[in-house]
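Student: I would like to learn how to read a ligand site and a domain layout in a model. Could we go through them step by step?

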Amino acid sequence: MRVKRHPTRYLGEEYRRLVKENLHWELKVLETASGPTCVVDGREVIMLCANNYLNLATHPKVVNAMIEATRKYGAGAGSDRSIAGNMKVHEELDKRLARFKRAPASLTYQTGFMTNEGLIPQLCGRGDLFVSDELNHGSIIDGIRLSHADRAIFKHKDVADLDRIMEEAERHDPPYNHIWIITDGVFSMDGDLAPLPEIAKIAEEHGAGVYVDDAHGEGVLGECGRGIVNHFKLTRDQVHVEMGTFSKAFGVIGGHISGSEDLIKFAYNKSRTWLLSGAVPPGVAAACIAALDVMESEPERVKRVWENRNYFLEGLQDLGFDTGNSETPIVPVMCGRSKVARDLADYIWRKGIFALPIVYPMVARDKARIRTQLCSDHTKEQLDRALEAFKEGGRKLGLI
Ligand SMILES: *Cc1c(COP(=O)(O)O)cnc(C)c1O
């Protein structure tokens, strides 16, 4: 008997299930530029959940570069970079980024997500192995899923577990051809750092490649915010792919990788997202170049974001909050149950503080939190206001 099928009814049903279980996104609307303070849904708030760590999204040099390049070269590139959209400004950005990263070569993609989704599945296939931290970003998980390689997941930052998996991998029959270890540099939910030197050491013992996604480390770690490879003083023989994004500290949009000349040539010949999707507009590429220039000419921004982070973290700890494992300007305020995190976020929102509750299934059921992210241009007065709101809300909810 034929099934009586409805083509789309399940879409609404699924959405209503998400609402019922409180798993849906309610989108807030920014009415001003992203900065230390914004107008969101008609309310003036202190922004504590943007990735705009160095406040470059509105930097005059970055904005002007975008406008000028757009006037000169148009709103769009007209094609994929692989065909007819590879403008001089894209090539300049690749070179400028390699200089910034102190790498032999770099390649820019349209977004960080497209970088991971395009490159990772090309690195390993049948007979190969991916070894991945359990808390890696969704774009890494999806990239690995797109490949035919075996995969092994090691416990978060657990070098002993990684070692065990690698020893086991050596006994695989037939032997694996290629092995890649992939990790976030800074983990976005806790703001903690990958043990990259230890990972690189284990990889070296096994002839494995190392791929680090430094989306939240760039602009924050290393000299002038060059990122995690510079921070740990590792070489390109130890970390083979340093991946990142222009959408966070750099304040624009676009993904990228840095490494050997061979890596870059391999990457743009193989990554389907790079080959089969449009180039970023010339204005975007020019704005990214300007952002890199600002990073090197205004290193005090990096200093300020750390000062703000230390001030805010110590303030929270003095109030008695648990700030989890933060090692960067991502500072979680641990709340336990999802409801407590949601109620605290609502409370501070009404006091003019915008920070996001991170709840199950994004984190474990008993590890709900409010994630705060500091910006170089938050003032002490703004941070004090945020601390005051957390204090009142935390007391009301019995957290402190
Ligand atoms: C944000 C993020 C990405 C995606 O970068 P986009 O350029 O915004 O697509 C990838 N990996 C990590 C770890 C991220 O935090």
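**Reading the ligand site**

Tutor: Let us begin with polar contacts, each being a pair of N or O atoms within 3.5 Å; here a polar side-chain atom of K248 lies 2.6 Å from an oxygen atom of the ligand. The model is predicted, so to speak of local features requires pLDDT of at least 70 and side-chain atom pairs count only at pLDDT 80 or more, whereas totals for chains, interfaces and linings use all residues. Residues are numbered from 1 along each chain as its sequence is written, and side-chain values use heavy atoms, with hydrogens and water left out.

Student: Which ligand atom lies 2.6 Å from the side chain of T245, and which lies 3.3 Å from that of H137?

Tutor: For T245, an N or O atom of the side chain is 2.6 Å from an oxygen atom of the ligand, while for H137 a polar side-chain atom lies 3.3 Å from a ligand nitrogen atom.

Student: How is the chain divided into domains?

Tutor: Bounds come from an automatic or database domain assignment, which here gives domain 1 (22-51 + 299-396) and domain 2 (60-297). Their contact, meaning heavy atoms within 4.5 Å, takes 19 residues from domain 1 and 22 residues from domain 2, and their C-alpha centres lie 27 Å apart.

How values were computed:
Polar contact = N/O pair within 3.5 Å; in protein donor to acceptor, adjacent residues only side chain to side chain.
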